[in-house]
Amino acid sequence: MKLGIVGAGVAGLAAALACTRASVAYDLLDRATQPLEGGVALTLWPNALRALRDLGVDVRGAGWAAIEEGDIADMRGRALYRLPVAWMRARFGFLPVCVRRSDLLRQMHSAAGSPRIERCEVRRLSVSAGRVEVETDAGLRSYDGLLLADGIRGTARQSLVQARTRPTHYVAWRGIAHGVDVGRRMREIWGRGFRFGYAAMGAGDVYWFATINRSRLGRAGGAPEAWRILTALAAESPPEVARMMAATPTEGVYAHVIDDLAPGLPLAVGRIALLGDTAHAITPNLGFGGGLALEDGAALMRALVAHRVAEEPGALAAAFQAYAEVRRRRVARMAQVTRWLGDVMQWEGKAAACARDTLFRWMAPLGDRLVWTWMLGG
Ligand SMILES: Cc1cc2nc3c(=O)[nH]c(=O)nc-3n(C[C@H](O)[C@H](O)[C@H](O)COP(=O)(O)OP(=O)(O)OC[C@H]3O[C@@H](n4cnc5c(N)ncnc54)[C@H](O)[C@@H]3O)c2cc1C
């Protein structure tokens with residue numbers, strides 16, 4: 001028995017690890033020439049680290065910068081909320097970390113036994129006589145089942161379900177600053193229609209992101225003009241923001257359109273299971289999308305093992321159904337929560353932003369342990 005895995009991003013590699021741990025053979029396909037390279041960095045919360053550990057990845061090695069303090073602050077640098085990171089470690093066994101995407105992918109790939117990644121683009125899928133036929137630019141493949149992890153804009157998914165991306169009213173930039181000392185800290189600064197967040201990566205490197213409402217960009221025609229607006233907003237922020245932007249090579253700055261998928265897509269259709277952004281892309285407002293993909297991988301592994309798929313290939317569809325059932329509610333709720341939070345965090349009006357900050361300062365500490373337990377419990 002052999003499965004095909006489409007996509008070698010976080011979700012595809014989580015699927016590869018799940019198969020490896022469940023002794024199920026697979027082929028890994030990706031259209032990119034170097035799928036393990038590129039991207040910027042991810043913050044991973046304890047739920048993601050637990051999933052990685054369950055999938056057999058050593059999360060305490062080099063390249064994993066643990067975050068020892070964190071807060072949300074206003075534009076004057078006054079803390080609105082302190083992240084309970086020590087409590088997270090006591091409760092869930094891990095501090096949050098910040099890791100380069102390429103380091104994460106390489107370590108996942110190595111933990112799966114460094115499988116060959118075949119470079120090919122999947123164009124269409126069809127199911128016949130209990131097999132999944134995969135049409136690629138390098139010819140036709142046939143598998144007993146398929147794990148689809150081709151991301152939010154995955155074209156392979158379209159032959160299975162009609163998915164609709166939902167735009168947001170903000171865009172994001174990400175980069176890595178060099179030679180800036182912020183300790184072992186993460187911080188998010190809330191402005192009006194503007195947010196700036198960062199997390200220490202160790203050795204003076206700091207991962208940062210900025211989100212800005214399209215309305216604040218006005219008619220900014222191209223990247224240089226948008227960058228000038230962003231720099232002006234940085235100058236109004238706490239001083240470390242401008243320092244970080246100045247210490248970032250411009251060729252390492254990535255611009256992102258922010259959208260998500262309307263929740264409710266099926267996570268399994270017969271002999272095909274969907275993982276990661278292709279099934280449930282969420283807005284990045286909590287830094288949770290990659291973590292959900294890792295949770296998917298751990299849940300899939302448990303389903304494959306529980307249904308003894310390696311010994312009984314006929315149990316594959318039941319295992320995929322069990323995986324989908326376990327994940328369905330969790331991913332739909334996270335999509336709703338992150339989208340709503342993004343709208344509030346990007347409030348632009350002076351009175352609204354001021355009320356948000358005041359309310360948040362007083363209310364957030366009251367129920368935060370309950371909320372974090374729900375979010376990090378997986
Ligand atoms: C601004 C921003 C900040 C973020 N910050 C965080 C964070 O801090 N923490 C976090 O956990 N998450 C974060 N995320 C979310 C996270 O990046 C994603 O959820 C995660 O990378 C999705 O992984 P994936 O494997 O599902 O998809 P992808 O990473 O998109 O991988 C899909 C793979 O499939 C391949 N592929 C696509 N189509 C085909 C095809 N037809 N045939 C073959 N191969 C194909 C692609 O080449 C790619 O390698 C952020 C996202 C954004 C936009």
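## Helix α1 and the sheet

Helix α1 (residues 10-21) lies across β1 (2-6), β2 (25-30) and β12 (145-148). Its direction makes about 170 degrees with β2. Helices (H or I, at least four residues) and strands (E, at least two) are DSSP runs, numbered from the N terminus. Angles run from 0 to 180 degrees between N-to-C directions, and axes are lines fitted to C-alpha atoms, for helices over the stretch in contact. The model is predicted: local features need pLDDT of at least 70, side-chain atom pairs count only at pLDDT 80 or more, and totals for chains, interfaces and linings use all residues. Residues are numbered from 1 along each chain as its sequence is written.

An open sheet of 6 strands runs in the order β8-β2-β1-β12-β19-β18, with mixed pairing. β8 (117-119) and β18 (268-269) are the edges; each has a single partner strand, so one side of each lacks a neighbour in the sheet. Strands pair if DSSP finds at least two bridges between them. β18 and β19 (residues 272-274) pair in the antiparallel sense over 2 bridges. There, Val269 stands opposite Ile272 in β19.

## Around the ligand

The ligand is surrounded by 37 residues, where a residue counts if its C-beta atom, placed from the backbone, lies within 6 Å. The closest are Gly9, Gly151, Gly276, Gly289 and Gly290. α9 gives the most to this shell, with 4 residues.

The shell has 17 nonpolar, 14 polar and 6 charged residues. Ala, Val, Leu, Ile, Met, Phe, Trp, Tyr, Cys and Pro count as nonpolar, Asp, Glu, Lys and Arg as charged, and the others, Gly among them, as polar.

## Two packed helices

Helix α6 (residues 223-235) and helix α7 (residues 239-246) pack at about 145 degrees, with axes 7 Å apart. Thr231, Ala234 and Ala235 of α6 meet Val241, Ala242 and Met245 of α7. Contact here requires C-beta atoms, placed from the backbone, within 7 Å. The residues involved are 5 nonpolar, 1 polar and no charged.

## Two positive phi values

Most residues other than glycine have a negative phi. Ala203 has a positive phi of about 55 degrees. Ala203 sits in the loop between β15 (194-202) and β16 (205-213). Ala203 is exposed, with 8 other C-beta atoms within 10 Å. Exposed means 12 or fewer such atoms, buried 20 or more, and partly exposed in between, with C-beta atoms placed from the backbone.

Arg308 also has a positive phi, near 45 degrees. Its place is the loop between α9 and α10 (316-345). Arg308 is partly exposed, with 13 other C-beta atoms within 10 Å.

Key:
Two residues are in contact if their C-beta atoms, placed from the backbone, lie within 7 Å.
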